[in-house]
Each structure stands twice: as structure tokens, then as C-alpha cells.
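Please consult the sequence and the structure as shown here.

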Amino acid sequence: MLSNTNAVKCLIVEDDPFKMEGIRNYLNQIFAGKVIVFQCQALASATALLGLHSFDLAIIDMSIHSHEPEKGAGSPFPLSSGGLDVLFEIVYSGASTPCIILTQYPDIDIESLPIPVDRAKQEILDKFDIDVAGCVRYLENDSQWKADILGILERL
């Protein structure tokens with residue numbers, strides 16, 4: 001489980017502050033504080049971070065916004081499959097970063113079709129030749145997502 005590194009450098013792309021805090025806290029627990037988290041809420045900021053850093057792990061929400069809200073930048077618009085664009089950016093950069101998709105929805109929008117979370121990993125591989133580490137459904141007040149993420153990390 002990414003045990004060959006002194007500190008795990010992790011990108012989290014998540015637009016819900018409560019989920020972001022929960023993910024960050026859980027990663028700190030798993031890696032005993034030896035995790036360096038880079039967090040962002042939107043596709044544009046994720047792309048910028050990917051241009052500046054390489055990561056040992058990425059946890060990506062599928063439904064994100066186009067860009068962070070900034071004065072004069074126009075209103076961010078929702079991207080129901082914006083996380084796929086983050087995956088494309090990682091692949092385009094040539095990085096071999098293991099990616100975990102974490103979503104609160106039962107389905108992931110892939111090419112305008114709702115794909116159940118438990119089938120999304122295979123669908124992403126079949127359609128885009130991208131082998132994500134896993135797809136996990138996040139449910140508030142249910143810790144199953146933590147067990148699912150730990151299981152994925154143990155296989156890395």
C-alpha cells in the first residue's frame with residue numbers, strides 16, 4: 001500500500017468541504033500523518049496542480065465545477081463528469097498516478113449514460129483505456145467508503 005514512499009503525495013479533487021475534510025482526515029489516519037494533501041475543488045485548479053506536481057495517489061470526485069469561484073472569473077458551471085477530464089489530464093501527462101473515483105451518486109455519468117459505480121471501473125477501462133484503481137460510493141454517515149478505499153489502497 002504505497003509503503004515504499006516516505007510520504008504519500010495525494011491530490012484530492014472534491015467540491016464538498018465536508019467530504020474533503022473527511023477524506024483528508026481518513027488519509028492522515030491510514031498513512032499515520034505521512035500524507036501530503038493537495039486539494040482543489042474544480043477542473044481548472046486540478047489541471048493547474050497536475051501541471052506543477054506529480055502525485056502518488058489521486059482521489060477524484062466525478063461531479064465537480066469548471067473552476068474555483070473567483071472575482072471576475074464568471075460563475076463556475078457544474079460538470080457532471082468533470083472527474084473524467086481530470087483522469088484524462090493525468091493520462092495525458094504520462095503519470096502513472098493511481099486514481100480512486102469517489103462519488104456520492106449511485107451512478108457515474110460516462111458519455112451521457114448513467115453507469116453504476118460498481119461497473120464504472122470496467123466501463124472507464126473499456127471506453128477510454130484508463131485503468132483506475134477503483135470507484136467508490138461515498139455515503140454520509142456510512143463508513144463503508146473508508147473500508148472500500150482501504151481495500152483499494154492495500155492492492156496498490
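## An exposed aspartate

Asp118 counts as exposed because its relative accessibility is 69%; exposed denotes over 50% relative accessible area, buried under 20%, and partly exposed the range in between, with a 1.4 Å probe and protein chains only. Asp118 is found in helix α4, residues 117-128. Helices (H or I, at least four residues) and strands (E, at least two) are DSSP runs numbered from the N terminus. The C-alpha atoms of Asp118 and Phe18 are separated by 24 Å, the two residues being 100 apart along the chain.

## Basis of the model

The model is predicted: local features need pLDDT of at least 70 and side-chain atom pairs count only at pLDDT 80 or more, whereas totals for chains, interfaces and linings use all residues. Residues are numbered from 1 along each chain as its sequence is written, and side-chain values use heavy atoms, with hydrogens and water left out.

## Helix α1

Helix α1 comprises 14 residues, 17-30, and reaches 20 Å from its first C-alpha to its last, close to the 20 Å expected at 1.5 Å a residue; the expected span is 1.5 Å times one less than the number of residues. Its buried residues are Lys19, Met20, Ile23, Tyr26, Leu27 and Ile30. Seen down the axis of α1, these buried residues fall within an arc of 135 degrees, so they line one face of the helix; the arc is taken from the directions from the helix axis to the C-beta atoms. On the other side, Pro17, Phe18 and Gln29 are exposed.

The cover over the buried residues of α1 includes β1 (8-13), β2 (35-40), β3 (57-60), β6 (99-103) and α5 (144-155), contact meaning heavy atoms within 4.5 Å. After α1 comes Ala32, with a positive phi near 50 degrees.

## Salt bridges

The structure holds 5 salt bridges, each defined as a side-chain nitrogen of Lys or Arg within 4 Å of a carboxyl oxygen of Asp or Glu. One of them joins Lys19 and Glu14 (3.1 Å, N to O), and both residues are buried. Another joins Arg24 and Glu21, whose closest N and O atoms are 2.2 Å apart. Arg24 and Glu21 are separated by about one helical turn, because they are 3 residues apart in helix α1.

Glu111 forms a salt bridge with Lys127, with the closest N and O atoms 3.4 Å apart. Glu111 lies in the loop between β7 (107-110) and β8 (113-116) and Lys127 in helix α4, so the pair ties together parts 16 residues apart in sequence. Glu111, Glu123 and Lys127 are linked in a network of salt bridges.
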